[in-house]
Every structure is written in structure tokens, then in C-alpha cells.
Amino acid sequence: QVQLVESGGGLVQAGGSLRLSCVASGGTSTISDMGWFRQAPGKHREFVAAIRRSGGSSDYADAVKGRFSISRDNTKNTVYLRMNSLKPEDTALYYCATGPPSLTAGMVDYWGRGTQVTVSA
């Protein structure tokens, strides 16, 4: 059983930056892709970014391309999401997830509990 714990969320002004972190524990040798999803109030949870186990390939939602960057450190079982040029529409609860390469399509094995990101105008 894999546990995921996110951190790094908070309140930031539009145009600002944040870095989210997610640490995995328990059964980490089974982890393949890692990624981030988000859910805004009244909306469905949506894919944000994912990265392969090797770290050599990543995918992004169109809404965050060029502003967000995902990375991982397998020695620390940690995935990061650097978020720049934040917009009010980025406000959401951000979830860490692990799964197969189809993670981008929502095929998730494990979810974290989420970290809140709020961007003020």
C-alpha cells in the first residue's frame, strides 16, 4: 500500500509561484508514473501533469503548459510541481497520484489527500 502526502500549497497573488511536493511511502518500488490532478469547487477533478518513472518524459494539461513544471527525485520518493505565473483559475485542491503510463487519462492507483492552492486576483 502506497501512501502519498502533499505539501507546499498556500495563498499567493496572481503572477506568483509555488512549489508543491509529494512524498510517497510504503511499496514505493511498485510506483511507476507520478502526477498531479486538481479539483476546483463545483468542478470535476482534472489532470494537471505527470512524469514517467525515469523522469525522462512528462505530460501537461494545455491550461498549464509553459507555466508549470513537474519533476521527481526517486532517491527521495518525491514528485514536485513548480507552478509559475499563477492565475486565479489555478485555485483548486491539488492531488498527488501514482499509476501506470495511462495516469494522464485518470488511471490512478493511489491518491494523496490534497493540498490547497488559492490564487488571489
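Q: What makes a residue part of a pocket's lining?
A: A pocket is an open set of grid points with protein on both sides, and a residue counts as lining when it has an atom within 4 Å of a point. In this predicted model, the largest pocket is lined in that sense by R38, A40, K43, H44, E46, A63, R67, K87, E89, D90, T91 and A92, and its volume is about 190 Å³.

Q: How is the lining of the largest pocket divided by class?
A: The lining has 3 nonpolar, 2 polar and 7 charged residues, where Asp, Glu, Lys and Arg count as charged.

Q: Why is T115 called buried?
A: Buried means under 20% relative accessible area, and because T115 has a relative accessibility of 10%, it counts as buried. T115 is found in strand 11, which covers residues 115-120, and, leaving aside neighbours within four places in sequence, T115 is in contact with residues including G9, L20 and Y94.

Q: What makes the pairing of G9 with T115 a polar contact?
A: The backbone nitrogen of G9 lies 3.2 Å from a polar atom of the T115 side chain, and the cut-off for such a pair of N or O atoms is within 3.5 Å.

Q: How do you know that C22 and C96 form a disulfide?
A: Their sulfur atoms are 2.1 Å apart, and the definition asks for a pair of cysteine sulfur atoms within 2.5 Å.

Q: Why is the disulfide of C22 and C96 given its handedness?
A: The torsion about the S-S bond is about -80 degrees, so this disulfide is left-handed.

Note on methods. Residues are numbered from 1 along each chain as its sequence is written. This is a predicted model: local features need pLDDT of at least 70, side-chain atom pairs count only at pLDDT 80 or more; totals for chains, interfaces and linings use all residues. Side-chain values use heavy atoms; hydrogens and water are left out. On a 1 Å grid over the protein atoms alone, a cavity is a set of points where a 1.4 Å probe fits but cannot get out, and a pocket is an open set with protein on both sides within 12 Å along at least five of seven lines; lining residues have an atom within 4 Å of a point. Grid points are joined across faces, edges and corners, and a volume is the space filled by probe spheres set on the points. Helices (H or I, at least four residues) and strands (E, at least two) are DSSP runs, numbered from the N terminus. Buried means under 20% relative accessible area, exposed over 50%, partly exposed in between (1.4 Å probe, protein chains only). A polar contact is a pair of N or O atoms within 3.5 Å; within protein, one must be able to donate a hydrogen and the other to accept it, and residues adjacent in sequence count only if both atoms are side-chain atoms. Contact means heavy atoms within 4.5 Å.
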